[in-house]
Amino acid sequence: PVQYYNNLNCWYTITSPVNTYITILFSPYLVEADFDYIDLYDGPNSSYPYLGTTDDWIQYRYDFESSSNSLSFKFHTDSIITDKGWLATWSAKSNTPPISQNGQNGSFTSPNYPNNYDPYTEQLYYITAPVGFHVNVTIDDFVTESTFDVLEVYNSSYVSTSSLIARLVLI
């Protein structure tokens, strides 16, 4: 928690167990605004897809997640002002397999229901009705983190904007 140096380009790589993905949070985050920042990549180096930056001049962002078990980031500083820096806390999360149901009725719950679901939870549910039947979904209890956590319903077996029929989010 002391001043970091000027003119840094420090690289960090995180690798978690197979069949996991990585969540990372930078907090506290005390750097020179607009000039010192962290760029994150969805893999072990900068040749992988860019996940974003902590300082995009419009909105600061401090939490990210990878799509696989590897994440890398670069901490860049300029030559003028420094501050105390940051602390990164990361976790490996299990890739959850999709849950499928076939038939004329059934029920699903979110992970850990009725207790809180874990941060960065993603769960796919597939419902297949017999030929000649339609799927009707009723949601009896819906509480999520306002603005950030969503439930999306698609009219297909794949996630696509063209098949999105509902996007539920508390405001």
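# Briefing: aromatic pairs, core and sheet

The structure holds eleven aromatic pairs. It is a predicted model, and the points below rest on that model.

- The rings of Trp11 and Tyr41 form a tilted aromatic pair, with 5.8 Å from centre to centre and 35 degrees between the planes.
- Trp11 belongs to strand S1 (residues 9-15) and Tyr41 to strand S3, so this pair ties together parts that lie 30 residues apart in sequence.
- Trp11 has a relative accessible area of 43% and is therefore partly exposed.
- Tyr41 has a relative accessibility of 12%, which is under 20%, so Tyr41 counts as buried.

**The pair Tyr29 and Tyr62**

- The ring centres of Tyr29 and Tyr62 are 5.1 Å apart and the planes stand at 50 degrees, so this pair is tilted.
- Tyr29 lies in strand S2, while Tyr62 lies in the loop between strand S4 (50-53) and strand S5 (63-65), so the pair ties together parts that are 33 residues apart in sequence.
- Tyr29 is buried, at a relative accessible area of 13%.
- Tyr62 is partly exposed, at a relative accessible area of 30%.

**The ring cluster and the nonpolar core**

- Ring pairs link Tyr4, Tyr12, Phe26, Phe73, Phe75 and Trp86 into a cluster.
- The largest nonpolar core has 14 residues, and those with the most contacts inside it are Ile24, Phe26, Ile38, Leu40, Leu71 and Phe73.
- Phe26 and Phe73 are members of the ring cluster, and both are among the core residues with the most contacts.
- Leaving aside residues up to four places away in sequence, Phe73 touches Cys10, Trp11, Tyr12, Ile14, Ile24, Phe26, Ile38, Asp39, Leu40 and Trp86.
- The contacts of Phe73 thus include Trp11, whose ring pairs with that of Tyr41.

**The three-stranded sheet**

- Strands S5, S2 and S7 form an open sheet in the order S5-S2-S7, with antiparallel pairing.
- S5 and S7 stand at the edges and each has a single partner strand, so one side of each is left without a neighbour in the sheet.
- From one strand to the next, the twist averages 15 degrees.
- S2 and S5 run antiparallel and are joined by three bridges.
- Leu25 stands opposite Asp63, a residue of S5.

**Thr23 in strand S2**

- Thr23 has its place in strand S2.
- The relative accessible area of Thr23 is 6%, and this residue is buried.
- Not counting residues up to four places away in sequence, Thr23 touches Phe64, Glu65, Thr89, Trp90, Ser91, Lys93 and Tyr120.

**The loop proline**

- Pro97 lies in the loop between strand S7 (85-94) and strand S8 (99-102).
- With a relative accessible area of 58%, which is over 50%, Pro97 counts as exposed.
- Pro97 and Glu122 are 25 residues apart along the chain, and their C-alpha atoms are separated by 9.6 Å.

Definitions and conventions. Residues numbered from 1 in each chain as written. Predicted model: local features only at pLDDT ≥ 70, side-chain atom pairs only at ≥ 80, totals over all residues. Heavy atoms only, no water. Core = buried A, V, L, I, M, F, W, Y, C linked by side-chain atoms within 4.5 Å. Buried < 20%, exposed > 50% of the residue type's maximum accessible area, 1.4 Å probe, protein only. Contact = heavy atoms within 4.5 Å. Phe/Tyr/Trp six-rings, centres within 6.5 Å; stacked < 30°, edge-to-face > 60°. Helix = DSSP H or I, 4+ residues; strand = E, 2+ residues; numbered from the N terminus. Pairing = 2+ DSSP bridges. Axes fitted to C-alpha atoms, helices over the stretch in contact; angles between N-to-C directions.
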